[in-house]
Amino acid sequence: MNVLVIDDKSYVVVPEKSYQELQKLAALKTRPEKLLSVEEARAHSKKLINKWADGK
């Protein structure tokens, strides 16, 4: 691992393989988006439509 300084900013240089491993680890730690069931999606959309209609 090397450190470069360009315009008073420090940058770390790592091998590509290590970088790809870090990306994989970061991707595994992210939470997947919650999927709604059909009933939940309908209720959510009705709620949003009512909220939008009340605002007009």
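Trainee: Which residue takes a positive phi near 50 degrees in the hairpin of E1 and E2?

Mentor: This is a predicted model, in which local features need pLDDT of at least 70, side-chain atom pairs count only at pLDDT 80 or more, and totals for chains, interfaces and linings use all residues. Residues are numbered from 1 along each chain as its sequence is written, and side-chain values use heavy atoms, with hydrogens and water left out. Helices (H or I, at least four residues) and strands (E, at least two) are DSSP runs, numbered from the N terminus. The hairpin of E1 and E2 has two residues between the strands, and the one with this phi is Asp7.

Trainee: What is the phi of Asp8?

Mentor: Most residues other than glycine have a negative phi. Asp8 is found in the loop between E1 and E2. Asp8 is not a glycine, yet its phi is positive, at about 60 degrees.

Trainee: Is Asp8 buried or exposed?

Mentor: Buried means under 20% relative accessible area, exposed over 50%, and partly exposed in between (1.4 Å probe, protein chains only). Asp7, also in the loop between E1 and E2, has a relative accessible area of 68% and is exposed. Asp8 has a relative accessible area of 77%, so it counts as exposed.

Trainee: How many bridges join E1 to E2?

Mentor: Two strands pair if DSSP finds at least two bridges between them. Asn2 stands opposite Val13 in E2, and the bridge partner of Ile6 is Lys9 in E2. The strands run antiparallel, and the number of bridges joining them is five.

Trainee: How many residues of E1 are buried?

Mentor: E1 has five residues and lies largely in the open. One of its residues, Val3, counts as exposed because its relative accessibility is 56%. E2 is hardly covered, with a buried count of zero among its five residues. For E1, the number buried is zero.

Trainee: What is the accessible area of the nonpolar patch on the surface?

Mentor: Patches are made of residues with over 30% relative accessible area and no salt bridge: like charges are joined within 9 Å, nonpolar side chains (Val, Leu, Ile, Met, Phe, Trp, Tyr) within 5 Å. A salt bridge is a side-chain nitrogen of Lys or Arg within 4 Å of a carboxyl oxygen of Asp or Glu, and accessible areas come from the Shrake-Rupley method with a 1.4 Å probe, only the protein chains shown counting as cover for residues. The patch is formed by Met1, Val3, Val5, Val12, Val14 and Tyr19, which together have about 630 Å².

Trainee: What separates the C-alpha atoms of Thr30 and Asn50?

Mentor: Thr30 is in the loop between H1 and helix H2 (38-55). Its relative accessible area is 51%, so Thr30 is exposed. Thr30 and Asn50 are 20 residues apart along the chain, and their C-alpha atoms are separated by 32 Å.

Trainee: Which element of the chain has the lowest mean pLDDT?

Mentor: pLDDT is the predictor's confidence in each residue, from 0 to 100. The chain has a mean of 88, and 96% of its residues reach 70 or more. Strand E2 (residues 9-13) has the highest mean among the elements, 92, and the lowest, 90, belongs to helix H1.
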